[in-house]
Amino acid sequence: MKKVLILWIMALMVTLPISAQVLKNIDEIAPFSEGLAAVRKGKQWGFINEEGKMVIAFRDDIYVSPKSDETKTGVLGVKYPLFNEGLCLIKQTVEDGVPVFGFIDISGKVVIEPQFLNIYPFKDGFTTAVLFDKTIKGENEFKLKIYEYKFFDVRVSATGEITDYFEKRDHIQMTVKRYQMPEIGAKILNKNLVATHTAEQGWSIDKLETKN
């Protein structure tokens, strides 16, 4: 009888699945998107694949909106880090705390350097954004660098190429106390059309140039 019981237990061990813990001490888990799910430990996020393997190590530049508003379609609507068309938002800060945004790919490599003040999700390889550009104009009498700031609504490809400049943006304050994230003034309607907005003229619809 004892021998039969041992054989039964051994057979049960063979047929029952054996669970293996692959990750622990996780504070938050986001939904899967494009085969990857973001996981948070403290203030850092990383990504696991569908087998639970960590494929992007924990890092502190992966972006989520601190007060996400899912009615927004720019960066303010990002509740969880998600991959979209193989890209995930990252954030850096400039000008003593003003956020700028770029993207990593599924390997964790930065493929689009943070340079946008606001950006829509990619669709069919393109999106629109507010571009932040800072160049040195020279130095003042105290040998301090003088910078020129430029802002544009632009169309961006998923490779990071700025394919179109639409409108020059003014009245963007690049100090933390005065900074307000700008609304994106250009929307891609389809592969042929883009809508652009100015305070003076409202929305206009224009044709996009087709590039071979």
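**A walk through the salt bridges and the surface**

Let's start at lysine 134, which is partly exposed, with a relative accessible area of 33%. On this scale, buried means under 20% relative accessible area, exposed means over 50%, and partly exposed lies in between (1.4 Å probe, protein chains only). What you see is a predicted model, in which local features need pLDDT of at least 70 and side-chain atom pairs count only at pLDDT 80 or more, while totals for chains, interfaces and linings use all residues. Residues are numbered from 1 along each chain as its sequence is written, and side-chain values use heavy atoms, with hydrogens and water left out.

Lysine 134 has a partner: glutamate 95 forms a salt bridge with it, and their closest N and O atoms are 2.7 Å apart. Because glutamate 95 sits in the loop between strand 5 (88-94) and strand 6 (98-104), and lysine 134 in strand 8 (residues 126-139), the pair ties together parts that are 39 residues apart in sequence. Strands here are DSSP runs (E, at least two residues), as helices are (H or I, at least four), and both are numbered from the N terminus. Glutamate 95 is buried, at 18% relative accessible area.

How many salt bridges does the structure hold? There are six, each being a side-chain nitrogen of Lys or Arg within 4 Å of a carboxyl oxygen of Asp or Glu. One of them joins the side chains of arginine 59 and aspartate 61, at 2.7 Å from N to O. Arginine 59 is buried, with a relative accessible area of 19%, and aspartate 61 is buried too, at 16%.

Another salt bridge brings together arginine 169 and aspartate 153 (2.9 Å, N to O). This pair links distant parts of the chain, 16 residues apart: arginine 169 is in the loop between strand 10 (162-168) and strand 11 (186-188), and aspartate 153 is in strand 9 (residues 145-157). Both arginine 169 and aspartate 153 are buried.

Strand 9 also holds tyrosine 149, which is partly exposed at 31% relative accessibility. Together with Ile136 and Tyr147, Tyr149 forms a nonpolar patch on the surface, with about 270 Å² of accessible area. Patch residues have over 30% relative accessible area and no salt bridge; like charges are joined within 9 Å and nonpolar side chains (Val, Leu, Ile, Met, Phe, Trp, Tyr) within 5 Å. The areas come from the Shrake-Rupley method with a 1.4 Å probe, and for residues, only the protein chains shown count as cover.

Our last stop is threonine 196, in strand 12 (residues 193-198). Threonine 196 is buried, at 5% relative accessibility. Leaving aside residues up to four places away in sequence, threonine 196 touches several residues, among them Phe166, Ala186 and Trp203, where contact means heavy atoms within 4.5 Å.
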